[in-house]
Amino acid sequence: MRRNTVLAIAAVIVVLATGVVLSQFASSQPDGLEYVASQQGFDDTAQDHTLEDAPLADYGGNLDQDPVIGTAVAAFVGIIVTALLAVGLFWIARSRKHDPTATP
C-alpha cells in the first residue's frame, strides 16, 4: 500500500475517533436561536418539524432513544458525509484539464 494511502486512512480514523468521542462533551444548553427566543419570550410558539422523528434529528438524539449512541452516530455520519463531499470536490477540481498556454 502506498504511503499516502496509509496516511489518509490513519487521518480518517483519527478524525472519526476524535469526532465521535468529543461529540459526547457538546453542550446541552440551547443554541443561540433558542436562547434568544427564550429571552424574547416567543420560544413557546415553536412548532415541531415534520422530520422530528428521523434517526439523526436533534443531533441523533432520537436514534435508539440513547443520546450517547445517537450523538456518536450523528457525528460519525456528519464526518463521513463532509469528507466525501470534500473528496468529491477535490476530485472534480483535479480532473479539470488546465492548459497553461491558453489565454483566459
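Between which two helices does the loop with S23 lie? S23 sits in the loop that runs between helix 1 (3-22) and helix 2 (32-40). Helices (H or I, at least four residues) and strands (E, at least two) are DSSP runs, numbered from the N terminus.

This is a predicted model, in which local features need pLDDT of at least 70 and side-chain atom pairs count only at pLDDT 80 or more, while totals for chains, interfaces and linings use all residues. Residues are numbered from 1 along each chain as its sequence is written, and side-chain values use heavy atoms, with hydrogens and water left out.

The protein has 4 helices and 0 strands, in the order α-α-α-α along the sequence. Of its 104 residues, 11% are buried. Buried means under 20% relative accessible area, exposed over 50%, and partly exposed in between (1.4 Å probe, protein chains only). Contact means heavy atoms within 4.5 Å. Among contacts between residues at least 6 apart in sequence, 42% join residues at least 24 apart.

Two residues fall on opposite sides of these cut-offs.

| Residue | Relative accessibility | Class |
|---|---|---|
| S23 | 16% | buried |
| L85 | 56% | exposed |

S23 counts as buried because its relative accessibility is 16%. Leaving aside residues up to four places away in sequence, S23 touches T71, A72 and A75.

L85 belongs to helix 4 (residues 67-95). The protein exposes about 9,100 Å² (Shrake-Rupley method, 1.4 Å probe; for residues, only the protein chains shown count as cover). Carbon and sulfur atoms supply 64% of that area.
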